[in-house]
Amino acid sequence: VNDSDGDTFLFNENLETFRTTQTVTVDRTFTPKKGRALLFDSSYLHSSSPPKSHDTRIVLNFVFYG
């Protein structure tokens, strides 16, 4: 919704692999940009981080079922 910092992290592990390894490794990071969409398989672990240089970080999340 807005340009900000506070990246989104996508990890290599999903819930099933995390149960056996108990470790996570970052696959990619994405910086929030106004008008951009990030599509990924939500079964993979993911997280966000708080902004440091901006006052706000606003994103919209949707889960699509097929």
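Colleague: In which helix do Arg19 and Glu16 lie, and how many residues apart are they?

Modeller: Both lie in helix 1 (residues 15-21), three residues apart, about one turn of the helix. Helices here are DSSP runs of H or I with at least four residues, strands are runs of E with at least two, and both are numbered from the N terminus. Please keep in mind that this is a predicted model, in which local features need pLDDT of at least 70 and side-chain atom pairs count only at pLDDT 80 or more, while totals for chains, interfaces and linings use all residues. Residues are numbered from 1 along each chain as its sequence is written, and side-chain values use heavy atoms, with hydrogens and water left out.

Colleague: What makes the contact between Arg19 and Glu16 a salt bridge?

Modeller: The term asks for a side-chain nitrogen of Lys or Arg within 4 Å of a carboxyl oxygen of Asp or Glu. The closest N and O atoms of Arg19 and Glu16 are 3.5 Å apart, so the pair qualifies. A search of the whole structure finds one salt bridge.

Colleague: Why is Arg19 called exposed, and what of Glu16?

Modeller: Buried means under 20% relative accessible area, exposed means over 50%, and partly exposed lies in between, with a 1.4 Å probe and protein chains only. Arg19 has 52%, so it is exposed, and Glu16, with 51%, is therefore exposed as well.

Colleague: Why does Phe40 get another label?

Modeller: Phe40, found in the loop between strand 2 and strand 3, has a relative accessibility of 32%, so it counts as partly exposed. Ser4, in the segment before strand 1, has a relative accessible area of 6% and is therefore buried.

Colleague: Which backbone oxygen does the side chain of Ser4 reach, and at what distance?

Modeller: The side chain of Ser4 reaches the backbone oxygen of Thr56 at 2.9 Å.

Colleague: What makes strand 3 a partner of strand 1?

Modeller: Strand 1 and strand 3 also pair in the antiparallel sense, over four bridges, with Asn14 standing opposite Tyr44 in strand 3.

Colleague: In what order do the three strands stand, and why are strand 2 and strand 3 said to be at the edges?

Modeller: The three strands form an open sheet in the order 2-1-3, with antiparallel pairing. Strand 2 (26-30) and strand 3 each have a single partner strand, so one side of each is left without a neighbour in the sheet.

Colleague: Why is strand 1 described as largely enclosed?

Modeller: Five of the seven residues of strand 1 are buried, so this strand is largely enclosed by the rest of the structure.

Notes. Pairing = 2+ DSSP bridges. Polar contact = N/O pair within 3.5 Å; in protein donor to acceptor, adjacent residues only side chain to side chain.
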